[in-house]
Amino acid sequence: MEKKWWHDKVAYQIYPKSFLDTNGDGIGDLRGIINKLDYLKELGIDIVWISPVYCSPLVDQGYDISDYYNIDPRFGTMEDMDELLREAKKRDIHILMDLVVNHCSDQHEWFQKALKDPDGEYGKYFYIREGKDGNPPCNWRSYFGGSAWEPIPGTDKYYLHLFAKEQPDLNWENPKVRREIYKMINWWLDKGLAGFRIDAIINIKKDLRFRDFPADRPDGLCSCFVMLAESGGPGEFLRELKKETFDRYDAFTAGELFNYKEEDLPDYIGADGYFSTIFDFSSETAGGSEKGWYDRRKISPDEYRDILYRVQHITEGMGFMANIIENHDEPRGVSRYLPEGECTEDAKKMLATVMMMLRGLPFIYQGQEIGMTNCAFPSIEDIDDINSRDEYQVAVQAGCSKEEALKAIERYSRDNCRTPFQWSAEENAGFTSGKPWLMVNPNYTQINAGQQMSEEDSVLSHYKRLIRLRKSEEYKEVVVYGSFRAVYTAEKNLIAFLRKGEEKTLLILANFQKEGRILPWGSELKKVLINNKKQLDVQEDKIFLEGYQAVVLEICLE
């Protein structure tokens, strides 16, 4: 595999609205990111992905873009963005922005023109079709619930929106649309962006037959995932996108793909893949149900382990996945993957150790490095997320009580990762001097960055040690490029694997349970590189692991 400039980096996602507010309006801003660049540098971050700050009505928190060329005043100005790029460059930090081009906002001038003349030039920028007998063109369900078709007032026509009705899908079949998108991308790359995280990109290719599929819920609708599977895939569009934009700048790109086919992986992340990397969502989608969040199942430690192993094996020698525990569209990983009542500091460090030692590019989401957890929202009125509100109604309509429905939403709501960053134990967690746009998690007095910065055994300090190991001259080659091999595979509740390089071999052991365990031992221990406990008991023929103990060992295989 050809070595790239980004292979040995560590990436970090910022959700600007919840990162740091500097003007007291309760909303995080670009100046807040500028103010915390030194914090990110000290953590060891090289690449920062910033969720959308473009002009937007914020129906879907900025993923509904009304102007791709300007910064929403709530987040600052273009001068602030230019300053952020300059200051980041001084610290050798590469900035990524979100590329949201499957859809735009219904307030974008293209769509406003399309509404005025659905049969005209701008009507062809979108998917506009006539209805059938007063009904939508077909029975596709939006990701956010309800029909994916919205009627155009005063006509018998509908427009397609795979997400919210305020997010009309752009028609990638139209070469004019593609040229406009490529022009915008290159404009941002010319400004000094290092690249993009690419949102919902597999959705750009539709099944142009626009036909019904068998219903999968009582609403008579069908998940648009079924349509996407019939579409033939977006490969032709993605190949052109890369040629016309990213290749010209050696840009770094991370694609969001929930439903790739394994046989297509080389096309996405291979030697000449469409993207630098794609996010691994395998563990995030496990346990899901077509019925809704209320019917989701919590996955076991062994399921989590097996998913990680599978992805490592299918990408071996091909390319890098972007490894995550959480992001802005998911609940907090420590609340999701750790058993109920076992979300301890040691358990959080165990998950961190596994993530950072896997082959691939680690993406840390804001607050993950201090072990932020899910939030207990008092009522559905305290939840802002459009998807969570829809799933609440799905649960109630399925027969759940309001209390049961709220519990389901609390477990999986995207707002869990969108509560303000917990900077300190001061009012509003040090996030704002005003009223936060979303409630602060009440546990901020116990979990916050200020406290952890001065603690040697904090979750934050553990992340720093893991990042230093990844970047060290002595171990960089094995951590970044070493092969992966699972070991102790018959053990339950254990994640154990080797990373083998040309000169060094590392053994990673993570005891995914509160009970201690004894493992057979037959290797020569050269050095304990990472340990989330104070000690490690290794004897000639066995090794003792405490509950949730995670270690990275340099060994010599016999």
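Predicted model: local features only at pLDDT ≥ 70, side-chain atom pairs only at ≥ 80, totals over all residues.
Let me begin with phenylalanine 196: leaving aside its neighbours within four places in sequence, this residue is in contact with Tyr54, Leu96, Met97, Asp98, Leu99, Ile185, Trp188, Leu189, Phe246, Phe252, Thr253 and Ala254. Contact here means heavy atoms within 4.5 Å. Residues are numbered from 1 along each chain as its sequence is written, and side-chain values use heavy atoms, with hydrogens and water left out.

Where does phenylalanine 196 sit? Phe196 belongs to strand 10, residues 195-198. Helices (H or I, at least four residues) and strands (E, at least two) are DSSP runs, numbered from the N terminus. Gly195 and Arg197 point one way from strand 10, whereas Phe196 and Ile198 point the other way. In general, the side chains of a regular strand alternate between the two faces of the sheet. All four of these residues are buried, and buried means under 20% relative accessible area, exposed over 50%, and partly exposed in between, with a 1.4 Å probe and protein chains only.

Let me turn to the neighbours of strand 10. Strand 5, residues 94-99, runs parallel to strand 10 and is joined to it by 4 bridges; two strands pair if DSSP finds at least two bridges between them. Within this pairing, arginine 197 is the bridge partner of aspartate 98. Strand 12, residues 252-255, also pairs with strand 10 in the parallel sense, over 4 bridges. There, arginine 197 stands opposite alanine 254.

These strands are part of a closed barrel of 8 strands, in the order 1-2-5-10-12-13-14-15, with parallel pairing. Neighbouring strands of this sheet are turned by 30° against each other on average, direction ignored. Strand 1 (residues 11-14) and strand 2 (residues 47-50) run parallel and are joined by 4 bridges, with isoleucine 47 as the bridge partner of alanine 11.

Which strands does helix 5 touch as it packs on the sheet? Helix 5 touches strand 5 and strand 10, and its direction makes about 135° with that of strand 10. These angles run from 0 to 180 degrees between N-to-C directions, with axes as lines fitted to C-alpha atoms, for helices over the stretch in contact. Helix 12 lies across strand 14 (321-323) and strand 15 (361-365), and runs at about 145° to strand 15.

I come now to the aromatic rings. The whole structure holds 38 aromatic pairs. Rings of Phe, Tyr and Trp (its six-membered ring) pair if their centres lie within 6.5 Å; planes under 30 degrees apart count as stacked, over 60 as edge-to-face and the rest as tilted. Why is the pair of tryptophan 110 and tyrosine 125 edge-to-face? The ring centres of tryptophan 110 and tyrosine 125 are 5.2 Å apart and their planes stand at 70°, so the pair is edge-to-face. Tryptophan 110 lies in helix 4 (residues 109-116) and tyrosine 125 in the loop between helix 4 and strand 6 (128-130), so the pair ties together parts that are 15 residues apart in sequence. Tryptophan 110 is buried at a relative accessible area of 10%, and tyrosine 125 is buried at 3%. Elsewhere, Trp5, Trp6, Phe252, Phe320 and Tyr481 form one aromatic cluster.

Aspartate 92, in the loop between helix 3 (78-90) and strand 5, has a positive phi of about 60° although it is not a glycine. Phenylalanine 210, in the loop between strand 10 and strand 11 (222-223), likewise has a positive phi, of about 45°. Are these two residues buried or exposed? Aspartate 92 is exposed, with a relative accessible area of 55%, whereas phenylalanine 210 counts as buried at 9%.
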